[in-house]
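Subject: Handing over the structure

Hi,

As promised, here is the structure for you to look through.

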Amino acid sequence: MSTATAIVKPVMPERHYLNDNYGIRSWLLTKDHKRIAILYLFSISFFFLLGGIFAALIRLHLLTPNGELFQADTYNKLFTMHGVNMVFFFLIPSVPAVLGNFLMPIMVGAKDLAFPKVNLLSWYIYMVGATFSLIAMVSGGVDTGWTFYAPLSSGYLRTHVIAMAVGILFAGFSSIFTGLNFIVTVHRMRAPGMTWGRLPLFVWANYAASLIMILGTPVLAITLILLALERGFHIGIFDPKLGGDPVLFQHMFWFYSHPAVYIMILPGMGVVSEIVTCFSRKRVFGYSFIAFSSIAIAVFGFVVWAHHMFVAGISVYSALVFSLLSYAVAIPSAVKVFNWTATMYKGSVKMDTPMLYAVAFIGLFTIGGLTGLFLAALGLDVHVHDTYFVIAHFHYVMVGGMVTAYMGGLHFWWPKLTGRMYPEAPAKLAAIVTFIGFNLTFFPQFILGYLGMPRRYWAYPPEFQVLNVLSTAGASILSVGFILPLLYFLYSLKYGEVAGDNPWQATGLEWETSSPPPTHNFHQIPVVTKEPYAYGEDAEVPVVH
Amino acid sequence: MSTSQTTTTEHHPALAHQFDSMEQQQDASTFGMWVFLLTEIMMFGGLFTAYLIYRLKYYPAFVAGSTSISVGWGFANTLVLIGSSFTMAMAVWAAQKGYRKSQVWLLLATMVLGAAFLGVKAKEYYDKWDECHIPGHVIGKGFNTWGGCSVTNKSLGNIAEEIRDPKHHGNPNIPEGAAEQTARQTEIFFSFYFAMTGLHAFHMVIGLGLLTWLLLRARGGEFGPSYYTPVELGGLYWHFVDIVWIFLFPLLYLISRHQHGV
């Protein structure tokens with residue numbers, strides 16, 4: 001850091017949450033939200049790796065048109081387990097359970113979340129779910145697709161659907177408890193002076209995501225319970241052969257699973273709001289618009305689910321309404337994108353690693369969002385439904401958006417988590433490699449989908465091979481972009497430069513406490529007297545304790 | 001947010017470290033419980049929605065299925081649960097006042113009533129078993145096993161007869177085949193009957209566990225005017241589970257008991 005504060009070489013605080021006590025017990029029975037965040041970090045990284053391996057195998061298989069690497073059944077299992085792992089065990093907990101868990105109490109100026117025991121419980125519940133899903137995977141896997149459509153899942157396939165459903169059920173309860181904790185903490189645990197209008201945008205975004213977690217996830221729970229009952233006891237709920245209705249399954253599944261994509265993206269947007277503001281050295285443009293657009297996305301998100309079912313036999317009139325409402329989601333999303341760019345406009349933009357990720361997010365999310373409008377259009381959706389176009393759109397939002405934001409956030413708050421800086425040069429390289437690899441992987445898939453290559457197919461016509469080879473090449477570059485951070489993050493734990501309390505000269509309560517923070521977060525509960533993003537000429541430099 | 005204006009409760013043994021005061025702790029805990037109950041509403045809501053859709057789709061079968069279950073036992077159970085809500089509310093009051101003995105007795109009474117409810121439920125489930133009304137063909141003697149299972153007067157064959165029997169508010173103009181088909185469709189009704197009452201009973205069992213925990217703490221004299229949040233939250237949960245039953249009873253037991261549909 002080549003700023004004025006670097007004259008005094010920062011030192012690690014003597015006591016902090018990592019060295020407050022030692023031993024496996026002090027971790028497994030901890031009620032400290034920061035330690036629970038670290039537990040989550042390890043768990044979800046494992047599932048990210050696992051899901052990534054499945055993705056790599058899928059891409060390898062698709063190198064050749066005739067499906068020479070795996071049997072068709074195996075291929076079905078691979079894409080199912082890739083989806084389940086990534087969605088339920090990585091993306092949904094990623095930013096909330098790791099960064100959110102670590103930062104939410106500090107950002108609102110509290111000593112901990114409202115219910116620390118519930119927080120620990122949520123990690124254990126997650127691990128129980130993870131165990132069930134691992135059991136399902138090692139005992140033969142599941143081949144339903146991550147959407148578990150009935151009656152395929154409830155009556156026909158002979159794989160371990162129930163074990164996987166139970167695993168997801170538990171993962172769902174873990175996210176309910178996280179969301180509940182966040183909501184109560186934001187409402188009841190704010191420090192003196194921390195008004196709603198002074199909450200960091202990261203808190204607003206996680207608050208909005210928490211609303212979806214507590215309102216949507218229970219519906220997924222009951223859907224999976226009914227699915228398991230139908231599968232286990234042959235009672236008729238969704239299987240038309242038994243008098244049930246398969247479209248009802250899709251309604252109930254998407255009632256959660258569409259809002260769930262906003263559980264995944266909203267916290268990422270919160271991360272980007274923090275990074276963009278800090279690295280533009282400017283007040284955020286349109287604070288309240290960004291804050292309320294998060295809530296608007298959460299609310300609209302609940303009334304668009306049937307746009308997944310335009311070709312599933314729903315009525316034209318309901319399809320019209322759902323199409324229109326899906327367009328409405330674009331408004332708050334665009335509000336965010338415009339406000340971020342307006343924040344950067346005429347700012348002193350500094351392209352450090354977190355900012356590289358944030359800028360990549362803005363571009364990739366915009367592409368992902370706009371192609372979402374293609375899919376919300378009733379006519380065009382019939383053409384591209386269930387093709388690689390959908391895959392590309394989804395991955396632009398989820399990987400290009402959410403994973404990019406997660407990586408950006410991890411770099412941004414790494415000095416706060418560990419007290420040490422990651423090495424900047426390889427980090428920048430990784431950010432750029434990720435961006436190139438990502439686009440090379442998924443942009444060809446837009447074209448593939450538009451040309452008509454269906455998703456989830458084990459083999460494809462030879463004329464699609466060039467684009468598929470490009471995509472696989474991109475995936476191998478992308479994997480380098482994800483492995484690099486793993487290496488230099490581990491390296492930085494021991495050899496990284498000591499970061500000091502506020503290496504980015506950022507505002508926000510988390511930068512006012514030491515790095516890493518003490519177990520109770522603050523030596524003295526802060527009193528908040530200013531707006532959240534007081535960057536710029538007339539803003540005072542935050543006081544460092 | 002309350003800072004450190006309270007001095008007397010500052011060192012209460014039940015005050016968790018993350019809170020500044022007992023007021024903040026109680027406030028946050030109560031709020032958390034309401035949020036949790038909201039998730040419960042969404043979970044039961046999904047089930048109720050599915051129920052509603054099939055009730056509209058297979059209305060005559062739902063009427064027939066509903067007529068075949070015992071409204072008497074259902075009503076008795078409704079009274080039992082309302083009674084348990086009363087004793088629970090009284091237990092919260094006793095905790096607030098710090099009456100230790102009444103707390104213990106009232107919590108015990110609530111548990112006894114809750115157990116009585118589950119006992120009646122078990123009896124009703126056994127009847128379904130006996131009458132071959134367990135949906136699916138994994139548990140029980142198999143639904144729709146015509147003849148082989150018609151040992152009691154409530155078997156499926158009799159449902160088909162009742163649909164056409166004026167003495168049971170049936171309609172003799174319904175053809176025999178249609179009545180039989182409707183009787184078969186009651187399997188969906190029973191699927192929901194078991195899913196809904198089963199999920200409710202599961203919540204009752206959890207509730208009994210919570211009450212046991214509260215009972216032990218109340219016996220130790222932990223609750224009084226300055227700290228009664230756990231009893232209050234346990235009460236909220238218990239009332240919620242009761243309210244679910246208040247909805248389940250008419251939805252399952254009281255569907256148009258005057259007439260069979262077509």
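Below is what turned up, starting with chain B and ending with some backbone details in chain A.

A word on the ground rules: this is a predicted model, where local features need pLDDT of at least 70, side-chain atom pairs count only at pLDDT 80 or more, and totals for chains, interfaces and linings use all residues. Residues are numbered from 1 along each chain as its sequence is written, while chains are lettered from A and ligands numbered from 1 in the order in which they are written.

Chain B first. You'll find seven helices and zero strands there, with helices (H or I, at least four residues) and strands (E, at least two) taken as DSSP runs and numbered from the N terminus. Read from the N terminus, that gives α-α-α-α-α-α-α. Chain B has 262 residues, and 41% of them count as buried. Buried here is 20 or more other C-beta atoms within 10 Å of a residue's own, exposed is 12 or fewer, and partly exposed is in between, with C-beta atoms placed from the backbone. Taking contacts in chain B between residues at least 6 apart in sequence, 68% join residues at least 24 apart; a contact is a pair of residues whose C-beta atoms, placed from the backbone, lie within 7 Å.

Now, where do the chains meet? On one side are 29 residues of chain B, in contact with 34 residues of chain A. Helix H1 (22-57) and helix H6 (176-219) of chain B each supply at least two residues of chain B's side, and H1(B) gives the most, with 15 residues. By class, that side of chain B has 16 nonpolar, eleven polar and two charged residues. Nonpolar covers Ala, Val, Leu, Ile, Met, Phe, Trp, Tyr, Cys and Pro; charged covers Asp, Glu, Lys and Arg; the others, Gly among them, are polar.

On to the chain A backbone. The peptide bond from A:Ala150 to A:Pro151 is cis, with omega near 0°, and A:Pro151 sits in the loop between helix H4 (116-138) and helix H5 (152-156). A:Ser515 and A:Pro516 are also joined by a cis peptide bond, with omega about -10°; look for A:Pro516 in the segment after helix H15 (465-495).

Two non-glycine residues have positive phi. A:His234, with phi near 55°, is in the loop between helix H7 (201-233) and helix H8 (246-280). A:His234 counts as buried because it has 20 C-beta neighbours inside 10 Å. A:Gln505 has phi of about 55° and lies in the segment after H15. With 15 other C-beta atoms within 10 Å, A:Gln505 is partly exposed.

Cheers

Key
Contact = placed C-beta atoms within 7 Å.
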